[in-house]
Amino acid sequence: MPPFGPPTSAHPLPIPWDEITDTSVKHFYRSTSITGTLDTIPADDKTALPARGGCVVARTTIYDVATAAGVSISTVSLALNSPARVSPATRSKVLEAADALGFVPKQDAVAKARRGVGRIGVIAPFTSYPSIARRLNGILRAVGRRSLEVVLFDQESAAQSSSPLLASLPVTGRLDGLIIVSLSLDEAVADRLTGLRLPTVLVDVRHPRFDSVHTDDAAGGRLVAEHLISRGHRRFGFLGEVQESDAYVSPSQQRLTGYRTALAEAGHVLTDGDVRLTGHGLASACAAAKRLLSTPDRPSAVFAADDTLAAGALRAAHDLGLAVPGDLAVAGFDDSELAEALDLTTVRQPLEESGHAAMELLIQRLDQPGTAREVTLRLQLIPRGTS
């Protein structure tokens, strides 16, 4: 790469070099053997201007990343924008090259220049679970009147995906901090976040290197089991969410573990035949519950891993002519507005509180780096008419 300085005949600028001053620079100039590019930035964005007497910093392009990674430009583009369409090995190679070169996608160049003014990212399966919106409410409440911009990134449920967005987002360099909600975090992603020194707080998941806010899902399952046993039930069922990968332990699995353990301690066995796993939605939950409730020795009490699944179980009971709670008791998890409307027994999660605590932790972390901290919030059983 040629040294930085005035342009050559091969790399002309649209205005004379001598006329560029600290207050009139509106472009980054990059001189390479491949191409010379000019990227417009706002004239009033002083964070993007070079120091007086200094040189203008070169801007790495996608061509450089492709060369360093030994792949095509189209492969780099896929790795950054559609990571699920390339192999993990290729994606890792591209991301390592991008990190090493300090590459910022062109559309994010202005945002990177402004880094440090208060831009927080929140990655979550917003469109998969109603509970996520309540966590977001807590995050926004914690922001309050602070000069912070919150950017949302929707990601499909971790039950259906290994969350490839987490592997590509940090390289854009447009965030001061990151909150990851209800998505698993593998070691490769953890290494990248740590290497990029991007302050990160996890909600509903844990990792020893990052601050986290969570509840004890197994304890929540235990609360439900103890409640149903106290109501005199002896035959039990569980309705949970199916997941595509066994690479992580989901909240649904943890709730099942606590439920099953507490039942066993009381002398009740929950067999695999008593468990039904289904997609997250009323229709699929209703169908799975009907299969569970149509067995010869059907359960008299069902614990659903969240309120949406519990609503499906209630619909199945209605369709089968089962009275609730006389013939069947149903309990859910989350204490959503749906639970209140259905008079559903459930476990209350401090959803807004978890979002609020996560943002407070992140704000502290932006100013004071240190060892990872964990905040554990308490769960509460809310008995209602379905049990």
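The structure is a predicted model, in which local features need pLDDT of at least 70 and side-chain atom pairs count only at pLDDT 80 or more, while totals for chains, interfaces and linings use all residues. Residues are numbered from 1 along each chain as its sequence is written, and side-chain values use heavy atoms, with hydrogens and water left out.

**Exercise 1. Place D204 in the chain, then find its salt-bridge partner.**

Step 1. D204 is in the loop between β6 (200-203) and β7 (211-214). Its phi is near 75°, a positive value in a residue other than glycine.

Step 2. The relative accessible area of D204 is 14%, so the residue counts as buried. The classes are buried under 20%, exposed over 50% and partly exposed in between, with a 1.4 Å probe and protein chains only.

Step 3. The side chain of D204 meets that of R135 in a salt bridge (3.9 Å, N to O). A salt bridge is a side-chain nitrogen of Lys or Arg within 4 Å of a carboxyl oxygen of Asp or Glu.

Step 4. Because D204 sits in the loop between β6 and β7 and R135 in helix α5, the pair ties together parts that are 69 residues apart in sequence. R135 is buried, at 4% relative accessible area.

**Exercise 2. The structure holds 15 salt bridges; work through those of R134 and R235.**

Step 1. R134 and E352 meet through their side chains in a salt bridge of 3.0 Å, N to O. R134 lies in helix α5 (residues 130-143) and E352 in helix α13 (residues 351-367), so this pair ties together parts 218 residues apart in sequence. E352 is partly exposed, at 22% relative accessibility.

Step 2. R235 pairs with D297, the closest N and O atoms being 3.4 Å apart. R235 is in the loop between α8 (217-230) and β8 (236-241), and D297 in the loop between α10 (282-293) and β10 (301-304), 62 residues apart.

Step 3. R235 is partly exposed at 36% relative accessibility, and D297 is exposed at 55%.

Step 4. Salt bridges that share partners also join D211, R365 and R373 into one network.

**Exercise 3. Which peptide bond is cis, and is D335 buried or exposed?**

Step 1. The bond from V324 to P325 is cis, with omega near 10°. P325 is placed in the loop between α11 (307-319) and β11 (329-331).

Step 2. D335 is in the loop between β11 and α12 (337-341). Phi of D335 is near 60°, a positive value in a residue other than glycine.

Step 3. D335 is buried, with a relative accessible area of 9%.

Notes:
Helix = DSSP H or I, 4+ residues; strand = E, 2+ residues; numbered from the N terminus.
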